[in-house]
Amino acid sequence: MTITKSITIDCHEVFASILNSGTNGIIINFDSFTDARRTVRIRNINFNGVDTGLNGIRILGAAGAAGSEVFIEDCLIDGNFGGTGTGITDERTGGGTLAVLNTTVRNVGVTGIRLPGAATRIDASVDNVRVYNASFGIVAGTNVKMMITRSLLFGNTQAGIAGSAGSEVNIDHTVVSSNGIGVSGGGIVRLSNTDIAFNATAVSGATQSFGNNRISGNTNVGTAPTPIGGVSNTFGQQ
């Protein structure tokens, strides 16, 4: 399915599924949009790649992506091991916003949620999301500003959360467990009220901490987070 105009696909009152064996589940191409709204809402759909799917949801757009918005809620994406093997990939180069809420991504070959980044800023919110059994759980690239809250990254072989150079990721009230690397900091990563446990390496690269995280049970601690703010019992919390 390819979406070329603003639309809401809401399947809350029915069972809805997309079989994307060997292909993409949904492609959103903002360069094909002609309406001013440039907004897509996808709710309560199960995507099944049957172990050969490419991407559950793929978002595209250069100049046409400016001011565009995508909302993904209450979805399940499973079984994408073909090609790039991704649950949600946001490849917009013209900017926009992405909100993923109450969604599970599991059993994908490469990345659960991927924003490779570009020259124009993309703002992303990931709230109450679970990513299981990928190579990378969530990846944020250059000029991506991402907030991850109330989420679970579990059993991802390379890293639970990875921020690339030029990205900015805030992680709050989240569990990062049983991954290769729990949190990999390439850009700016801020940690708050987060459990990082039972990973091969807890933290790799530079991260910042508000001083209220729990890092325990990892094979290697890795790079200790840098406290935010001066030495005090609040560690810069405001």
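Reader: Which residue stands opposite Asn170 in β19?
Author: Arg190 of β19 stands opposite Asn170. This is a predicted model, and the pairing comes from its coordinates.

Reader: Which strands does that belong to, and in what sense do they pair?
Author: Strand β16, residues 168-172, pairs with strand β19, residues 188-192, in the parallel sense. Five bridges join them.

Reader: What else does β19 pair with?
Author: Strand β22, residues 208-209, runs parallel to β19 and is joined to it by two bridges. Leu191 has Ser209 in β22 as its bridge partner.

Reader: How many helices and strands in the chain?
Author: Zero helices and 25 strands.

Reader: What is the radius of gyration, and what would a compact globule have?
Author: The protein chain has 18 Å, and a compact globule with 238 residues would have a value near 18 Å, so the two agree. The C-alpha atoms fill a box of roughly 55 × 35 × 30 Å along the principal axes.

Reader: What share of the residues is buried?
Author: Buried residues make up 47% of the 238. On contacts, take those with a separation of 6 or more: 55% are between residues 24 or more positions apart.

Reader: Switching to the core. Which residues touch the most other members?
Author: Ile28, Ile45, Ile57, Ile113 and Met146, in the largest nonpolar core, which has 49 residues. Strand β12, residues 111-132, gives the largest share of this core, with seven residues. In soluble globular proteins, nonpolar side chains tend to be buried together.

Reader: What does Ile57 touch, leaving out residues up to four places away?
Author: Its contacts include Ile26, Ile28, Ile42, Phe47 and Ile72. Ile77, Gly87, Ile88 and Thr89 are also touched by Ile57.

Reader: Now charges. How many salt bridges does the structure hold?
Author: The structure holds 11 salt bridges. One of them joins the side chains of Arg43 and Asp10, at 2.9 Å from N to O. That pair links distant parts of the chain, with Arg43 in strand β5 (residues 39-43) and Asp10 in strand β2 (residues 7-10), 33 residues apart.

Reader: Which residues are linked with them in a network?
Author: Glu73 joins Asp10 and Arg43 in a network of salt bridges.

Reader: What about Arg214, which side chain does it meet in a salt bridge?
Author: Arg214 meets Asp195, at 3.0 Å from N to O. Here too the pair links distant parts of the chain: Arg214 is in strand β23 (residues 214-216) and Asp195 is in strand β20 (residues 195-197), 19 residues apart. Arg214 counts as partly exposed at 39% relative accessibility, and Asp195 counts as partly exposed at 26%.

Reader: And Asp123, what does it meet?
Author: The side chain of Arg121, in a salt bridge of 2.8 Å from N to O. Asp123 is partly exposed at 28% relative accessible area, and Arg121 is partly exposed at 48%.

Reader: Which arginine is buried yet has no salt bridge?
Author: Arg38 is buried and has none. For Arg38, the nearest side chain of opposite charge is Asp31, 6.4 Å away, while a salt bridge needs a distance within 4 Å.

Reader: Where does Arg38 lie, and what is it in contact with?
Author: Arg38 lies in the loop between β4 (26-29) and β5. Leaving aside neighbours within four places in sequence, Arg38 is in contact with residues including Ser6, Phe30, Phe33 and Glu69. Gly64, Ala66, Gly67 and Ser68 are also in contact with Arg38.

Key
Residues numbered from 1 in each chain as written. Predicted model: local features only at pLDDT ≥ 70, side-chain atom pairs only at ≥ 80, totals over all residues. Heavy atoms only, no water. Helix = DSSP H or I, 4+ residues; strand = E, 2+ residues; numbered from the N terminus. Buried < 20%, exposed > 50% of the residue type's maximum accessible area, 1.4 Å probe, protein only. Pairing = 2+ DSSP bridges. Core = buried A, V, L, I, M, F, W, Y, C linked by side-chain atoms within 4.5 Å. Contact = heavy atoms within 4.5 Å. Lys, Arg positive; Asp, Glu negative; His and termini not counted. Rg over C-alpha atoms; globule rule 2.2 N^0.38 Å.
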